[in-house]
Amino acid sequence: MLTVMDVSQRFGGRVLFDGISTTFPPGKRFGLTGPNGAGKSTFMKFLAGDAEPAKGSVSRPKKTSILRQDQAAYDEYRVIDTVIMGNKRLWDAMAEKAKLLEHTDFTDEMGMRLGDLETIIGEEDGYTAEIDAAKLLEGLGVRDHGLMKEMSGGHKLRVLLAQALFGKPECLLLDEPTNHLDMDSIRWLEEFLKNYQGILVVISHDRHFLNAVTTHIADIDYETIIIYTGNYDDMVLQKSQVRSRIESENVDKAKKVEQLKDFVARFGAGTRASQVQSRKKEIEKLQGAELKKSNIARPFIRFEAGGKPSGKHVIRAEGLSKAFGDTTIVQDFTFTLMRGDKMAVIGPSGIGKTTLLRVLLGEEPKDAGTLSWGHEARIGYFAQDHTKGIPHGIPLWEWLYALDDERAKAIGGERVTREEIRSLLGRMLFSGDEALKETQLLSGGETARLLFARLMLMKDNVLVFDEPTNHLDLESISALTEAIKRFDGTVIFVTHDRDLVAEAATRVLAMSAHGLEDFHGTYDEFLRKVGDVRLDR
């Protein structure tokens, strides 16, 4: 059992958790949710024992496994050994056994200890450890079993995920396990976790993943954690009902407080001292409860195409080819993107999706073929490197205000006012003094929302997104998905978020080791066509 007892934590003057007590029993799979800044990663550190709360305690099963993010920690080890280290009891026994066998003067005591170690290795399935580790790596798309230092950063993180899954842990704590995974690896992980029998607590911004894996949601809100039965979508429905009830109660309490304050003001200096004191105590009690507000926040994203629409043919490519060294990104590819298409570019990590976008945008040279954008096509680009093009040391509203000259020249019309810029930022959750924050101080999620504000301001008729859901919370991803669906222009987007692809794409460009497939239709129709074939095979 994973047990949390009376945990409280503040961050500066802000309360994250206030007296949380809850349990996570075996056989249940919990999604830990809440908006950016709610304290999910902080709470996960408490569960893992990597940090201690200001108040309270956490008890966890002895065999608790945690997804680590330190890519350089295992550089000198083999990939297989790094995975096996996920079972500390087994790894320690194997390491001690290896040292004992190095001795030439073997004693009876060493022999007895060797027997004990063989027992531990047998209990922990040590004789099939390398086979078991290799199966995990295969499922996560890792086929290179050399040294960790020879792996890319993304593949190192996959190895660390395999490490966390290895050895049948009693409790599994995963913070964003789908980062750096392609769609096929995510599907494999879903099946693995659905068959997992221990305690699972997982943080993820992938709604499809949470819906597939979880049996319960532990949602951080109102300075506590509320447990909901069901997956993420079930929680959203239940939470709307709970939130309505709590906020209705808070309104009633506020009215009651005003009535009590009026009584105290009228009779505080009179003869009804005992009644006044009773009312004051009641005010304190009610106000303490009233302070707990929902931290839920959802940006209002709406992309509009201003000025003249693009031509019917937005982009044409004939015989397009591009390679990096021995890696072919695209070979003799011909396609035409039509006005109104919403094309999702999918495929395994490292296949060259970003490079293809940059070739289409003219930021990378093509090796062969022709490429042309259609008449009146105005392109808004959301780069995977969110900080690209954002200068440091300038307040958010000033940066957007300075960009408006470019918009006015491109599509005409009057310049927007400062008040309109502040209103736009407010829709992106930068309200009040947040609009004065300097650009270099933004978190990843805040930077993404600022870039969405830029695209909303510029009103381009073609939008190109490269991994736009990175760093976003679930509410923001949902808002982005709706905005792309409703946009009446043309969209090209690279993403591993299956809900975004399934809900928004009208066309799928699938990249794999076998080449490109340009499918005209939805993602569900595409999956029905290809079946359960892994794209990276």
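Predicted model: local features only at pLDDT ≥ 70, side-chain atom pairs only at ≥ 80, totals over all residues.

## Basis of the description

A residue is called buried here when its relative accessible area is under 20%.

Strand E15 covers residues 462–466, and since five of its five residues are buried, the strand is largely enclosed by the rest of the structure. Val462, Val464 and Asp466 point one way from E15, whereas Leu463 and Phe465 point the other way, and all are buried.

E15 pairs in the parallel sense with strand E14 (residues 379–382) over four bridges, and within that pairing Val462 is the bridge partner of Ile379. Strand E16 (residues 490–494) also pairs with E15 in the parallel sense, over five bridges, with Val491 of E16 standing opposite Leu463. Between E15 and E16 the chain passes through helix H15 (residues 474–486), which makes a right-handed β-α-β crossover.

In soluble globular proteins, nonpolar side chains tend to be buried together. The largest nonpolar core in this model has 52 residues, of which Leu174 and Leu193 touch the most other members; helix H6 (residues 153–165) supplies the largest share of this core, seven residues. Another core, of 50 residues, lies apart from it and has Leu396, Leu451, Ala453 and Phe465 among its members.

Leaving aside residues up to four places away in sequence, Leu193 touches Arg29, Leu165, Leu172, Leu174, Leu200, Phe209 and Val213.

How values were computed:
Residues numbered from 1 in each chain as written. Heavy atoms only, no water. Core = buried A, V, L, I, M, F, W, Y, C linked by side-chain atoms within 4.5 Å. Buried < 20%, exposed > 50% of the residue type's maximum accessible area, 1.4 Å probe, protein only. Helix = DSSP H or I, 4+ residues; strand = E, 2+ residues; numbered from the N terminus. Contact = heavy atoms within 4.5 Å. Pairing = 2+ DSSP bridges. Right-handed = clockwise from strand over helix to strand, strands pointing away.
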